[in-house]
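Please look over the sequence and the structure shown here before reading the briefing that follows.

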Amino acid sequence: MVSKPETSADVVRLAKPAVGEDELAEIRDVLDSGMLTMGPKVAEFEELLAVAAGTTHAVAVSSGTAALHVGVLALGIGPGDEVLVPAYTFPATANVVALVGATPVLVDVDPVTMNMDAADAARRVTPRTKAVLAVHLFGRPARLEELPELPVLEDAAGALGASHGGRACGSLGELGCFSFHPRKIVTTGEGGAVTTSDDVIAERVRSLRHHGWSPSDEYADMPRPAFNYRLSDVLAALGIPQLRRLDELHAAYDRIAAGYAERLSHLDVVLPEADPGDRHGWQAYVIQLDERDAVMEALRTQGIQCQIGTYALHRLGAYRSQGSFPGADAAFDRALALPLHAGLTDAELDRVGEALDKLVSHH
Ligand SMILES: *Cc1c(COP(=O)(O)O)cnc(C)c1O
């Protein structure tokens, strides 16, 4: 028999948002109320998020990048300042630093955890270093306590529900930044948030997302110019049922991660994990292996969607010329994101496992 053309039903999806009737009902509420933005759904979304992040405040914004941008501004970072940023991350992490006129100083990453290398971070501190922007990459909690003593912004875009040393990611630094892009565990289509337990930072972020109006003056004054980075109520509504189900979503992702570990542990690949006692956020299930490009291509031909991990910033035009970053190079060349979503079945896990079993050497 000739191989049959691939139908969409045969494709193992890389990501698939866990949204359905509950989300539709919430969105219908918004449409019925006629308040499509600045209504009650954003406030409800923020309350649920603050609980999940273990902070007193959560301020919803229009994307994870917007959260990082206002986060950097809220800490007073600007021209002349340096901020430590991992060399292997989604580029928005460094872009926001550059866009406020400060210098993103790239720091190499540990080739196994793919998070910032603490020894390299310490070497790159200067009198101008104002903060460290630490990423919990792919949801793996970063060891913040090993980093130089500086104010910490957490890029927790992939770490909703993750925890480090018993505390929720997003509550570990001065502030945390989340994303609700469809590749994250909770999605609003596009969206983000800043979490903090600092009243002053929260107030600044509320002002920065809303043109610079001062919330404490009932918006009578505008002490500085700023953005419209608000999240609409339509989108916040979409996130509410998912936040209510966050523990369930995590249980599903934990089960899938365990399923992968069972099927792949005899192969020459590095499996993702969190430090003992930590909870992984499972933004993505990213393994590391030799011949990544060939394996990625072969999986795709078999209808298994997969993707590179993320970017080595020193290889992008915007960030060349900061030197060499062997840890980031290794991660960039070797990382492979496998299908991961709450609806992934055991049969699909088997398919991915069997495909990799044939493509990768055993130990
Ligand atoms: C997704 C992500 C971002 C950007 O979030 P957007 O909502 O797409 O703007 C930033 N940093 C990391 C680590 C991410 O995973």
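Which residue in β14 is the bridge partner of Gln307? The partner is Ala337, and in β14 the bridge partner of Val286 is Ala337 as well. The model is predicted, so local features need pLDDT of at least 70 and side-chain atom pairs count only at pLDDT 80 or more, while totals for chains, interfaces and linings use all residues. Residues are numbered from 1 along each chain as its sequence is written, and side-chain values use heavy atoms, with hydrogens and water left out.

**The sheet**
- Strands (DSSP runs of E, at least two residues, numbered from the N terminus) form an open, antiparallel sheet of three in the order β11-β14-β12, where pairing requires at least two DSSP bridges.
- Because β11 (285–288) and β12 (307–308) stand at the edges with a single partner strand each, one side of each has no neighbour in the sheet.
- β14 is joined to β11 by four bridges and to β12 by two bridges.
- On one side of β11 Tyr285 and Ile287 are buried, and on the other Val286 and Gln288 are buried, buried meaning under 20% relative accessible area with a 1.4 Å probe, protein chains only.

**Helices on the sheet**
- Helix α8 (residues 246–264; helices are DSSP runs of H or I, at least four residues) lies across β11 and β14, running at about 20° to β11, with angles taken from 0 to 180 degrees between N-to-C directions of lines fitted to C-alpha atoms, for helices over the stretch in contact (heavy atoms within 4.5 Å).
- Helix α9 (residues 292–301) packs on the sheet and touches β12 and β14, its direction making about 20° with that of β14.

Terms used. Buried means under 20% relative accessible area, exposed over 50%, partly exposed in between (1.4 Å probe, protein chains only).
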